[in-house]
Amino acid sequence: MRKWLSMAVTFVCVAWVFCTVVPEALAFPHHLQVGDTQLYSDTPIPERAARNILARSDRLLRASPIAGPGYGRRIFLTDGGWRWRLLAPGSQTTIAISRPFIETIVFNRSDIANDSVMTRANTAGRRSLSGVIAHERTHGLIRAHFGPLADWRYPTWLREGYCDLVAGGGTLSDAEAAALKARGETAPALVYYDGRKRVEAVLKRNGGSVERLFAEAGKP
């Protein structure tokens, strides 16, 4: 009995790892290729809207001094259902995830037609899909430019703050962030907001050098 149980657990673990590396195995019913990007979705993909979203994301990425070919080109849009829960367990309040090394990007409840992606979070639970694609792809740019271990080498405020800066902002406005702080709330979105403000301040002081931004923040 124990042998069969052990085999079953091993099988489930191997199957899960395989699906995270190759999400295509989950048979997403809809697919669209736009340039070098493969877009997979739980729901029908309005082609014109998808092309506009990816074009905006590309424009945001190109504005970064570290822009290059390292960003994720396999994008998986879920409806927040079983595929999302399988690919991102315990992440119901997370908007999206990008995976290092394989550079896949998986999104929570996506609405292509309205350029939005949502979570079940009560605070800051909606963002533009184009902005989040740019944010997650910037994680890939950081890994490509500063090394594949950048997620562990650099602090969260720097990585998330710079990604939000490239994406053109985050989920919180200045007024919303101030209100949360006034109430003493510690919403995860504040980490991104404060990180972006800190990154903006450092870049303003150092003349806009992203190299110096990461070099100084990465010092032990």
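How are α6 and α8 oriented to each other: roughly parallel or roughly perpendicular? In this predicted model, local features require pLDDT of at least 70 and side-chain atom pairs pLDDT 80 or more, whereas totals for chains, interfaces and linings use all residues. Residues are numbered from 1 along each chain as its sequence is written, and side-chain values use heavy atoms, with hydrogens and water left out.

The protein chain contains nine helices and seven strands, assigned as DSSP runs (helices H or I, at least four residues; strands E, at least two) and numbered from the N terminus. Its radius of gyration, taken over C-alpha atoms, is 18 Å, close to the 17 Å given for 220 residues by the globule rule, so the chain is as compact as a globular protein of that length; the rule is 2.2 Å times the number of residues to the power 0.38. The C-alpha trace spans about 60 × 45 × 40 Å along its principal axes. Of the 220 residues, 46% are buried (under 20% relative accessible area, 1.4 Å probe, protein chains only).

Helices α6 (residues 156-166) and α8 (residues 188-205) have axes that come within 7 Å and cross at roughly 80°; axes are lines fitted to C-alpha atoms over the stretch in contact, with angles from 0 to 180 degrees between N-to-C directions. The two helices are therefore roughly perpendicular to each other (65 to 115 degrees). Residues of α6 including Trp-157, Tyr-162 and Leu-165 meet residues of α8, among them Val-191, Arg-196 and Leu-203, contact being heavy atoms within 4.5 Å.

Terms used
Parallel < 35°, antiparallel > 145°, perpendicular 65-115°, else oblique. Buried < 20%, exposed > 50% of the residue type's maximum accessible area, 1.4 Å probe, protein only.
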